Amino acid sequence: MKGLALVLAALMLFTVACGQLQQQHYEGAGAGAVVGGIAGALLDKKNPWRGGVIGAGLGAVFGATIADISTRGSREAYQSGRPVEYRTEDGRGYYRAEPASDYYYKDPYTKCRKVSEKVWENGKLVKDTVKEVCESEKQERSY
């Protein structure tokens, strides 16, 4: 019972902390929660509900963290024009973002660049995408 209360308190804290997150964080947390919940339910044979709740909580945190690294890394590669790498402390996870194009302008106020992202887990490529990162200038009429 104490464990369930602890998990619920952690989920409530995570929900409050989500106020600072962007759309990518929500998507990553959602995907992580689904995968973690299913894995936890399958692994906890005695009490699948407990395993599902714990797995969903841990998966949500993991998914949001990966989304944050992806957002930060692609933004740094966009701004610096050089590859950006992150590694986990144990060396099992590796993230690399590098510019895949020069700057181009979608319109007079928006400057974009394509960034290639790759993620490896345990030496195996698990994600290979190209995303478009843009900056724009805010235009307001003032009188």
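The model is predicted, so local features need pLDDT of at least 70 and side-chain atom pairs count only at pLDDT 80 or more, while totals for chains, interfaces and linings use all residues. Residues are numbered from 1 along each chain as its sequence is written, and side-chain values use heavy atoms, with hydrogens and water left out.

Let's start with the fold. The protein has three helices and five strands, in the order α-α-α-β-β-β-β-β along the sequence. Both are DSSP runs, numbered from the N terminus: helices are H or I with at least four residues, strands E with at least two. Of the 143 residues, 27% are buried, meaning under 20% relative accessible area; exposed is over 50% and partly exposed is in between, with a 1.4 Å probe and protein chains only.

Now the rings. Rings of Phe, Tyr and Trp (its six-membered ring) pair if their centres lie within 6.5 Å; planes under 30 degrees apart are stacked, over 60 edge-to-face, and the rest tilted. That gives three aromatic pairs. In one of them, tyrosine 94 and tryptophan 120 have ring centres 4.9 Å apart and planes at 40 degrees, so this pair is tilted. It joins strand 2 (residues 93-99) to strand 4 (residues 110-121), with the partners 26 residues apart. Tyrosine 94 is buried at 15%, whereas tryptophan 120 is partly exposed at 23%.

Finally, charges over rings, where NZ of Lys or CZ of Arg is within 6 Å of the ring centre and within 35 degrees of the ring normal. Arginine 113 sits over tyrosine 103, 4.0 Å from the ring centre, and arginine 75 lies over tyrosine 78 at 5.7 Å.
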